[in-house]
Amino acid sequence: MFTCTGYAAEAADKRLTPFTFERRDPGPTDVAIEILFCGVCHSDLHTARGEWGNSLYPCVPGHEIVGRVTAVGGKVSRFKVGDVAAVGCMVDSCRTCPSCKAGLEQYCDNGFTATYNSEDKKSGGHTFGGYASHIVVDHDFVLKVPTNLDLAAAAPLLCAGITTWSPLRHWKAGPGKKVGIVGLGGLGHMGVKLAHALGAHVVLFTTSPGKIADGKRLGADEVVLSKDEAAMAAHAESFDLIVDAVAADHDINAYLGLVKRDGTLVQVGAPEKPLAVNVFSVIWKRRNFAGSLIGGIAETQEMLDFCGRHGITSDIEMIPIQKIDEAYARMLESDVKYRFVVDMASLKTAA
Ligand code: NAP
Ligand code: ZN
Ligand code: ZN
């Protein structure tokens with residue numbers, strides 16, 4: 001075991017504060033990573049504050065991790081000391097169930113091990129995430145970052161990137177398809193960039209008038225203010241796919257009505273309270289209302305390589321770890337442009 005420093009919430013109603021804990025020494029198939037950057041996902045906030053009712057404390061969030069390899073086990077050949085390495089939302093899965101065998105570790109029938117807030121089957125206790133100095137991860141769950149990408153701006157690809165990429169690919173976003181993205185936050189802005197790069201006609205829905213120009217700059221062909229009923233009505237029954245990345249309660253029926261026959265609205269945003277779906281929103285036009293969870297490991301590497309080829313990263317605002325609660329407060333105000341990334345070097349400066 002070796003000692004790590006990080007930031008943790010000790011309870012749902014507590015701010016994040018400095019926290020010291022132990023990680024396992026790297027085993028034969030492990031990669032030890034000094035964390036350079038960690039993106040700040042709204043799931044970190046939901047979990048730190050106990051909003052999904054399953055939080056384990058102390059809670060060290062963070063699953064958009066980019067760092068440098070400090071040690072590798074004897075059976076690791078893909079990474080060596082000094083390499084850049086990345087870790088997303090999962091650190092392990094059973095490897096043997098049909099989902100794992102299909103490269104869909106996020107749907108592991110025996111439950112994958114999440115980077116934080118999961119039972120730690122290797123070290124006991126529960127897993128601690130990326131708001132930390134180091135992490136130790138099995139090599140099968142460690143990703144490669146294309147060398148042309150800025151490391152800090154690449155970090156959000158590990159969750160916001162893959163979580164929007166996976167449904168865009170599954171429902172075949174591309175040329176000739178009309179794709180909506182709801183909410184211009186961390187996930188939404190990656191959804192806009194990726195759907196645009198895949199060649200779809202992209203329409204962004206936002207509640208924030210101040211984000212219209214950014215939406216177009218990021219790749220949206222059209223931007224709709226979702227509070228403008230006439231602008232919403234102009235898109236009725238026209239979408240092949242809508243990806244909803246909103247983190248709070250909102251009127252889902254207003255978006256289902258924009259989906260065309262046999263089209264799909266896929267929910268990736270995970271609000272604390274259930275969404276009220278009017279059954280007629282899906283009965284009419286035989287619409288599909290679906291969900292999607294992050295993405296598999298091979299799919300994550302495919303997305304990173306695509307981003308390398310297209311020069312795609314996140315638009316980020318770098319913060320020291322000491323400002324994490326401020327960042328959460330701004331997230332709740334939809335005041336994110338468009339992902340906070342923690343510079344982990346700040347762990348070494350005084351709180
Ligand atoms: P975020 O950066 O905070 O963005 C959320 C955006 O939703 C806001 O910027 C805002 O965009 C919009 N929004 C917020 N409150 C709203 C409201 N009351 N009504 C309408 N729109 C509102 O969050 P994120 O990190 O992208 O995460 C989004 C959600 O996805 C979270 O619930 C998170 O837990 C979830 N998530 C799910 C997965 C998965 O695997 N399914 C993975 C990661 C995250 P505008 O200002 O443009 O309206
Ligand atoms: Zn996330
Ligand atoms: Zn499995």
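Analyst: The account below begins with the metal sites and then turns to other local features.

This is a predicted model, in which local features need pLDDT of at least 70 and side-chain atom pairs count only at pLDDT 80 or more, while totals for chains, interfaces and linings use all residues. Residues are numbered from 1 along each chain as its sequence is written, chains are lettered from A and ligands numbered from 1 in the order in which they are written, and side-chain values use heavy atoms, with hydrogens and water left out.

The zinc ion (ligand 2) is held by Cys41 (SG), His63 (NE2) and Cys159 (SG), at 2.0 to 2.3 Å. Donors here are N, O and S atoms within 2.8 Å of the metal (3.2 Å for Na, K and Ca), and since water is not among the atoms, sites may look incomplete. Along the chain, the donors of the zinc ion (ligand 2) follow the spacing C-x21-H-x95-C. Cys41 lies in the loop between strand S3 (30-39) and helix H1 (42-48), and Cys159 in the loop between helix H3 (151-154) and helix H4 (160-170), so this pair ties together parts that are 118 residues apart in sequence. Helices (H or I, at least four residues) and strands (E, at least two) are DSSP runs, numbered from the N terminus. Both Cys41 and Cys159 are buried; buried means under 20% relative accessible area, exposed over 50%, and partly exposed in between (1.4 Å probe, protein chains only).

The zinc ion (ligand 3) has four donors: Cys94 (SG), Cys97 (SG), Cys100 (SG) and Cys108 (SG), at 2.3 to 2.4 Å. The angles among these four donor atoms are 105 to 120 degrees, and the site of the zinc ion (ligand 3) is tetrahedral, a label given to four donors if all angles lie between 85 and 135 degrees. The sequence spacing of the donor residues of the zinc ion (ligand 3) is C-x2-C-x2-C-x7-C. Within this group, Cys94 in the loop between strand S6 (90-92) and helix H2 (98-101) and Cys108 in the loop between H2 and strand S7 (113-114) form a pair that links distant parts of the chain, 14 residues apart.

How accessible are Cys94, Cys100 and Cys108? Cys94 counts as partly exposed because its relative accessibility is 24%. Cys100 is buried, with a relative accessible area of 9%, and Cys108 counts as buried at 8%. The structure holds zero disulfides, a disulfide being a pair of cysteine sulfur atoms within 2.5 Å.

Arg95 also lies in the loop between S6 and H2. Although Arg95 is not a glycine, its phi is positive, at about 75 degrees. Arg95 is partly exposed, with a relative accessible area of 32%.

The domain assignment gives domain 1 (2-159 + 315-349) and domain 2 (160-291); such bounds come from an automatic or database domain assignment. The centres of domain 1 and domain 2, taken over C-alpha atoms, are separated by 27 Å. Their contact (heavy atoms within 4.5 Å) takes 16 residues from domain 1 and 22 residues from domain 2.

One joins Tyr57 and Pro58, with omega of about -5 degrees, and Pro58 is placed in the loop between H1 and strand S4 (65-72). Another runs from Lys337 to Tyr338, with omega near -15 degrees; Tyr338 is in the loop between helix H11 (324-332) and strand S16 (339-343).

Notes. Tetrahedral: all angles 85-135°; square planar, octahedral: opposite > 155°, others 65-115°.
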